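Hi everyone, thanks for coming.

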Amino acid sequence: MAKENIIDVKNLVKKFKDFAAVDDISFGVEKGQMFAFLGPNGAGKTTTIKMLTTLLNATSGDISLNNLNPIKEKNKARKTFGIVFQDPSLDDDLTAFENMEFHAVFYGVPVKVRKERIEYLMKFVGLWDRRNSLVKSFSGGMKRRLEIARGLIHHPKILFLDEPTLGLDPQTRNHIWEYIKELNKKEGMTVFLTTHYMAEAEKVADKIAIIDSGKIILEGTAKEIKKKTKTKNLEDAFLKLTGHAIRDESAGAIDHLRQGARVWGRRR
Amino acid sequence: MNSPVYIMWLRQVKKYLRSKARIIGSLGQPILFLVALGFGLGHLYQQTTGGNFIDFLAPGIIAMSILFTAMFAGIEVIWDRQFGFLKETLVAPVSRFKIMWGRTLGGATTAILQGIIVLLITLLIGFRVVNWLYFPIALIFMILIGLLFTSLGTALASRMNDMQAFPLIMNFIIMPIFFLSGALFPLDSAPTALKIIADFNPLTYGVDGIRAALTGVTQFGIIPDFFVCALVTAIILIFGSWMFSRIQI
């Protein structure tokens, strides 16, 4: 291999009681690559991202992130990546600028460059004019753009994007991918993404891994995957590999809120 | 300033100052208690003890508003979890302890501000502070109970996924802490069982400390009050930090 791997995962396993959400997966992501991690709901994508980003401890296996072990060197590892979560993670009662500033302080961005970087990034995603508006007045697309800008303040070497375009209109989706592509090219930033829009993955990803039921079932470029599965586009390939059955996903926090019965938190 | 503790504190305070409706709304209860109980029971109190009930009640109501504001500030962790902001803080290269500490300081600050607003209202209603030189001592007690109940709220919220448990906390923790603390009635004339319960309630000592500093009337003495409050606050702060450090997303 010519290029070194910035993310290296070996025999990674995550079990919740007896259920293996991630079942012995291994893969590598080269520096500067756009890597798409695809799979049906509940396949183990978000669990994998949580382990890569120090939010969850693995049951077994090794992770190397920028030559750091995200379990043993949590804080060092955290400085090297940015993340845009599947669901929103902004503080609605703060302004856009304050959200950016908060992040900058939390990641130890020096005071001298802070303002300048925030301005640059907010202009980059077209939100500088709205910097003093409370985030709760923002549309879904604006929040997404702000989250992406926020994830970049500390100049991460790797950007994790967990379904960054979910629920957005095609215009916004295109914009977001353009931003990300540009960053990837200009800064050489590695991007690890998940999405359910196969056409998007096909367009932007240098390499794709398809995961189902906690196992990686195929890995390669979009071309290679189409060739191996003898299909015309990635969506067909995806369906051929993972079947047509509809999957369940464990409910998110908001669903728990609606559910009612469970009161005192179960530990997960 | 470039410290995570400071920015976390600033966030809490900004959010508090921005929610004018909440500040005004949360003044309703203390005013109601002051007016209804203070004037309603005032002459009864005067007949039996010879003292002014408003003077007795005001420190209790100040402590009450701190208790409520602080607990709510702690429990706000649940909102942060719901709206995803908690994840943003937990994935940052900052120790959980600093996040918890900043949040607790912020919550306690808002609780103390609320307590001071209520103090000003009690003055309008007729509360007489004996000697303002002792006000800093009252402030120390206000800070202690502010910290204590913010971290208690945080500790409880660390184990909760949603607001379902909130009425439970309201009715089985916050309300009993308030009613069984000597905030509303003198403990020395209360039945023994009630007195014993109050003896184990940290707010009892907070109320007594504030009352001692502002009116000169005390049950346990200002020094014992201080040591009990400081000790319990330290323990709950450690407990809250530990609970917070165990949060999993």
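This is a predicted model: local features need pLDDT of at least 70, side-chain atom pairs count only at pLDDT 80 or more; totals for chains, interfaces and linings use all residues.

Residues are numbered from 1 along each chain as its sequence is written, and chains are lettered from A, with ligands numbered from 1, in the order in which they are written.

So, how do the chains meet? 30 residues of chain A are in contact with 30 residues of chain B, contact being C-beta atoms, placed from the backbone, within 7 Å. On the chain A side, α2 (74–80), α3 (96–106) and α10 (253–259) each give two or more residues. By the way, helices are DSSP runs of H or I, at least four residues, and strands are runs of E, at least two, numbered from the N terminus. The largest share of that side, four residues, belongs to α10(A). By type, the side of chain A splits into 16 nonpolar, seven polar and seven charged. Here Ala, Val, Leu, Ile, Met, Phe, Trp, Tyr, Cys and Pro count as nonpolar, Asp, Glu, Lys and Arg as charged, and the others, Gly among them, as polar.

Next, the cores. A nonpolar core is a set of buried Ala, Val, Leu, Ile, Met, Phe, Trp, Tyr and Cys residues joined through C-beta atoms within 7 Å, and buried is 20 or more other C-beta atoms within 10 Å of a residue's own, again placed from the backbone. The largest one has 83 residues, with A:Ala149 and A:Phe160 among those with the most contacts inside it. α3(A) gives the most to this core, seven residues. As for A:Ala149, its partners include A:Met100, A:Leu121 and A:Phe124.

Over in chain B, look at α8 (residues 135–158) and α12 (residues 222–245): their axes come within 8 Å and cross at roughly 25 degrees. The axes are lines fitted to C-alpha atoms over the stretch in contact, with angles from 0 to 180 degrees between N-to-C directions. Therefore α8(B) is roughly parallel to α12(B), the term for angles under 35 degrees. Their contact has 17 nonpolar residues, five polar and no charged.

Last one: is helix α1 (residues 45–52) of chain A mostly covered or exposed? Mostly covered, with eight of its eight residues buried, including A:Lys45 and A:Lys50. Just after α1(A), A:Thr54 takes a positive phi of about 70 degrees.

Note on methods. Two residues are in contact if their C-beta atoms, placed from the backbone, lie within 7 Å. A residue is buried if 20 or more other C-beta atoms lie within 10 Å of its own, exposed if 12 or fewer, and partly exposed in between; C-beta atoms are placed from the backbone. Angles under 35 degrees count as roughly parallel, over 145 as roughly antiparallel, 65 to 115 as roughly perpendicular and the rest as oblique. Lists of a residue's contacts leave out its neighbours within four places in sequence.
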